[in-house]
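Subject: Structure for you to look at

Hello,

Here is the structure I promised to pass on. Please open it and keep it beside you while you read my notes.

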Amino acid sequence: MKLSRQFTVFGSAIFCVVIFSLYLMLDRGHLDYPRGPRQEGSFPQGQLSILQEKIDHLERLLAENNEIISNIRDSVINLSESVEDGPKGSPGNASQGSAHLLSSQLALQADPKDCLFASQSGSQHPDVQMLDVYNLIPFDNPDGGVWKQGFDIKYEADEWDREPLQVFVVPHSHNDPGWLKTFNDYFRDKTQYIFNNMVLKLKEDASRKFMWSEISYLAKWWDIIDIPKKEAVKSLLQSGQLEIVTGGWVMPDEATPHYFSLIDQLIEGHQWLEKNLGVKPRSGWAIDPFGHSPTMAYLLKRAGFSHMLIQRVHYSVKKHFSAQKTLEFFWRQNWDLGSVTDILCHMMPFYSYDIPHTCGPDPKICCQFDFKRLPGGRYGCPWGVPPEAISPGNVQSRAQMLLDQYRKKSKLFRTKVLLAPLGDDFRFNEYTEWDLQYRNYEQLFNYMNSQPHLKVKIQFGTLSDYFDALEKVVAAEKSAQSLFPVLSGDFFTYADRDDHYWSGYFTSRPFYKRMDRIMESRLRAAETLYYLALKQAQKYKITKFLSSPHYTTLTEARRNLGLFQHHDAITGTAKDWVVVDYGTRLFQSLNSLEKVIGDSAFLLVLKDKKTFQSHPSDTFLEMDTKQSSQDSLPKKVIIQLSAQEPRYLVVYNPFEQERDSVVSICVSSASVKVLADSGKPVEVQVSAIWNDVKSTSQTAYEVSFLAHMPPLGLKVYRVLESQSSSTHLAEYFLYNNDGLAEGGIFHTKNMVDAGEAITTENSFLTLWFDTSGLLEKVRMKGESKQHEVKVQFLWYGTTNKRDKSGAYLFLPDGQGQPYVSLRRPFVRVTRGRIYSEVTCFLEHVTHKVRLYNIQGIEGQSIEVSNIVDIRTVHNREIVMRMSSKINSQDRYYTDLNGYQIQPRRTMSKLPLQANVYPMSTMAYIQDAEYRLTLLSAQALGASSMAPGQIEVFMDRRLMQDDNRGLGQGVHDNKITANLFRILLERRSGANVEEDKKSAVSYPSLLSHMTSSFLNHPFLPMVLNVKLSSPALEILSELPLLQASLPCDIHLVNLRTIQSKTGKGYSDEAALILHRKGFDCQFSSRGVGLPCSTTQGKMSVPKIFNKFAVESLIPSSLSLMHSPPDAHNISEISLSPMEISTFRIRLR
């Protein structure tokens, strides 16, 4: 019986496909788009080209049929399931007919082999799993004596008899690229003097060492110094006296940045070093980020690093690791089935990276060996005992005292090699400090090294000197693998003392966290279009493009975005005017990138490239949104329409898969017709633009239509002022409205005494709202069950204790309290052909929930946008909470840097603020049957305070400093836009017990795609030049890829590489690809994925359209190293989760 049913399904499927294809062949006109790469069309189109296009289209359809029929074989089971489930989709109500927006894609399947990864990767058992460590630690905070947060350390006098203690004292200076002063002011007042003195003072003695990390400062200094100084720096690097550690543009935060920016700032620093100094950093140094992410460990490993150091870790974790002697470990990714991601990591054991907390457990003693604090100087020791200058009279006692600290510290580690950092913020900026520190320490070293009975060998060193000595000792003893444990997991949320958890900064200054992601998307679009346009400009010798300042603009944008990843920038923990400085840099780059994108896109769509050269226009294409200042929200530009002359809209899909998505633009007339490339009008929804809550504009209207875009493609639409049967006006229904609302030409209805719930639906989902306009329930089509998904807003206050919440810390006064409105909020319901939405106007939030009436990915999730304004409140934080009946127990999941998912547990033994974690792109909860995901377009703090809940912090306004050095609260709040999507998915074959034990989890393919749509929206641009002259013809569509990339492969960047000399570009680019791990426990049936998976394999010649790949050579992540067997390859093969960089040359 089962077999015959499968045959029936199989036969009927083939029959449907054939009939459907014949229908397509007979009527080309009913399709707005072909599926494969299109032939180039143009305006105006000749009859011959239309005929030619139809013939090509038929050929493609036949080829497609073969592909579809072979796919059906794999899909029989899914199809048979859908027959059992009954017909998919409901007719919907008449105002929302959505069949006309059907896309012609069958659900393509993930290859079963690609599903193995997610099911296997929970089987790894490292020696130390951070989730288990949190279960073990009591999180009590007893007084540990001199080492307040630790314990008393003892040692025997003869412990070093067989092998002496080897100490590396590592001088360094931590330079924040902006915090209490701006980047430029710090450079002017402090950093330039550190560099100048370094050159002079290191030359005095070959045994002196120094270390530098932030390339943003080094590059700024390099531009103003003379050649002898440059040569001196190079010789110090060559001799090993100076080491560059990490070598990124900044020392980035690790909680809030997206991995795109983490990689980009690393490349920017490493490329600068390669060009100017010829050095390749090999050790990572992260002493100040507020908690540490395994994503950073992975990126460093991929860049060719073999060791790294971290410092800011929860004091209880440090104590536990010190007691277990696991402060040095191989950090392995949670998902790694082997050991390819292992990187040796050193965790500093004590409270801070300053000198009092780095020589040993007793800060009162260590402070006496910070010789900048000698009596008479500006700084003293807060423990009351000042340093003494070293002299022959006291060297013996002082050396004994310091050595005692070194020995105690070494007892926390497994070898006799010890690291003792010597530095602090902006140290060594004064000439005198170089002398005080180095000369006093030299006397101590000379004494210790001359006393064999002390059993110590001590010297200045760099970080790599330490790691090299460590590896030498390990090699002599036994394998490092058995000496150091393997650890997996992350180090959030950080606490430095008491219940002071640093979970506030996950959200602080959210306006700029959103701006950061817009900037990333804009930069990625500019990079990709620029490199491809550059190749065409070279081919056709378009000097106007080749000599443009575009590459300089790109470099500045990379550096401004890189600077913002600094751990006091994106974190929202800098002074108000410093925040303005960062914002202004981002804002200027956003604006200047518009020209790069416009020029590049215009050159690519021009039929005759030579016309670019001769055309007088300065700006060919303009973005459809404009931001007027660094602290205002972007607004849509009103496109002026006329009946005679169409306006041309060039839309760019920055995504590597073909995509159906809604484009909304703002025009001057409600009588509007939008023509696709075929010349056919497309379905259009015209919606009102509301001047305020209750009156509509009479001069501007929103036009929304569905665009089907090729992968990484450009497409041209014409917009005319004209009556059209394809244009549909939205209707408005107003609730809790007293007084009149001016709807103008729109049908507007006051819903008086409307007792029943507000509903809206598309062909995937039905939503119910309460009379305040807040979401209450969701039903997925094909199910009768209504799911509770309640959205509500809450306030957190701050504690009444002495220490209160500030930019860094979240110290609440208890559970979140419901947001209470004195009266029911005004609610506006929009019903339209392309989308419907419910908008609720609260005093501090305008909350909008939208459903798109389209088939495909964008119709399957709920778009939520909040405009938050808390500029009038005091000491409050506003939160959006989703509550459901999902039995998630105490488990939830947040992503790390948009790269991987980290399971979380809400722990009752920890204070509320400790259960808040960073979320860059998503958070979810799940049980055996369902997963509820909140996808985010900006980094914010997230939590799950009770089973079935996810909450996200949206903004915080705090009136006091939290005593971490900033010296101010957070009260420069802006009107802030937060954008989310809610996705409810059915799980199948899930084992809840396995979930509990597993340290890994993955999003579904649908969730990955939805996240990408959210982060990389279409870019609509308006053509500024008249196309009336016959010479200026543009292509109607240009796919830059031959076909969609596999579903699980993301094109992270296509970044033009700098030339070896001068300031310009080379003819190579860095092609960065990421193969995502995904969970197959979610049906992709009916999802309409525009792609399939291929076990991470791609044929190189088949990637780009219109460009031939001249060479493609594997490289390390940041282009520092080439693998030993690097050669030109014709097939790319990526493992799940792998991020890889290739040097590509197109022509």
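Arg 398 is buried, with a relative accessible area of 6%; the cut-off for buried is under 20%. Note that the model is predicted. Arg 398 sits in helix H12, which covers residues 395-410. Its side chain makes a polar contact with the side chain of Gln 368, at 2.9 Å. Setting aside neighbours within four places in sequence, Arg 398 touches Gln 368, Phe 369, Glu 388, Ile 390 and Leu 444.

Next, Ser 920. This residue lies in the loop between strand S37 (917-919) and strand S38. Is Ser 920 buried or exposed? Its relative accessibility is 0%, so Ser 920 counts as buried. The side chain of Ser 920 has two polar partners to look up. One is the backbone oxygen of Ala 255, at 3.5 Å. Another is the backbone nitrogen of Asn 897, which lies 3.4 Å from a polar atom of the Ser 920 side chain. Beyond four places in sequence, the residues in contact with Ser 920 include Thr 256, Pro 257, Arg 517, Asp 895 and Gly 898. Ser 936, Gln 938 and Ala 939 are also among them.

Now helix H22, residues 1005-1015. How many of its residues are buried? The count is 11 of the 11, so H22 is largely enclosed by the rest of the structure. The buried residues of H22 include Leu 1005, His 1008, Met 1009, Phe 1013 and Asn 1015. What covers them? The cover includes helix H16 (510-539) and strand S17 (659-667). It also includes strands S38 (922-926), S39 (930-936) and S42 (976-986).

Then a pair of helices. Two packed helices are described by the angle between their axes and the distance between the axes. Helix H5 (residues 183-204) packs with helix H6 (residues 215-222) at an angle of about 75 degrees. Their axes are 10 Å apart. H5 and H6 are therefore roughly perpendicular to each other. On the H5 side, the contact residues include Phe 183, Tyr 186, Phe 187, Phe 195 and Val 199. On the H6 side, they include Tyr 217, Leu 218, Lys 220 and Trp 221. The residues of this contact divide into 8 nonpolar, 5 polar and 1 charged.

Last, a sheet. In what order do its strands run? The order is S45-S46-S50-S48, in an open sheet of 4 strands with antiparallel pairing. S45 (1049-1058) and S48 (1109-1115) stand at the edges. Each has a single partner strand, so one side of each is left without a neighbour in the sheet. From one strand to the next, the twist averages 25 degrees. S48 pairs with S50 (residues 1139-1146) over 6 bridges, in the antiparallel sense. Look for Ile 1113, which stands opposite Arg 1143 in S50. Helix H8 (residues 259-276) packs on the sheet. H8 touches S45, S46 (1065-1075) and S50. The direction of H8 makes about 25 degrees with that of S45.

To finish, the whole chain. The protein chain has 22 helices and 50 strands. Of its 1147 residues, 64% are buried. Take the contacts between residues at least 6 apart in sequence: 77% of these join residues at least 24 apart.

Best wishes

Definitions and conventions: Residues numbered from 1 in each chain as written. Predicted model: local features only at pLDDT ≥ 70, side-chain atom pairs only at ≥ 80, totals over all residues. Heavy atoms only, no water. Pairing = 2+ DSSP bridges. Helix = DSSP H or I, 4+ residues; strand = E, 2+ residues; numbered from the N terminus. Axes fitted to C-alpha atoms, helices over the stretch in contact; angles between N-to-C directions. Contact = heavy atoms within 4.5 Å. Buried < 20%, exposed > 50% of the residue type's maximum accessible area, 1.4 Å probe, protein only. Polar contact = N/O pair within 3.5 Å; in protein donor to acceptor, adjacent residues only side chain to side chain. Parallel < 35°, antiparallel > 145°, perpendicular 65-115°, else oblique. Nonpolar A, V, L, I, M, F, W, Y, C, P; charged D, E, K, R; others polar.
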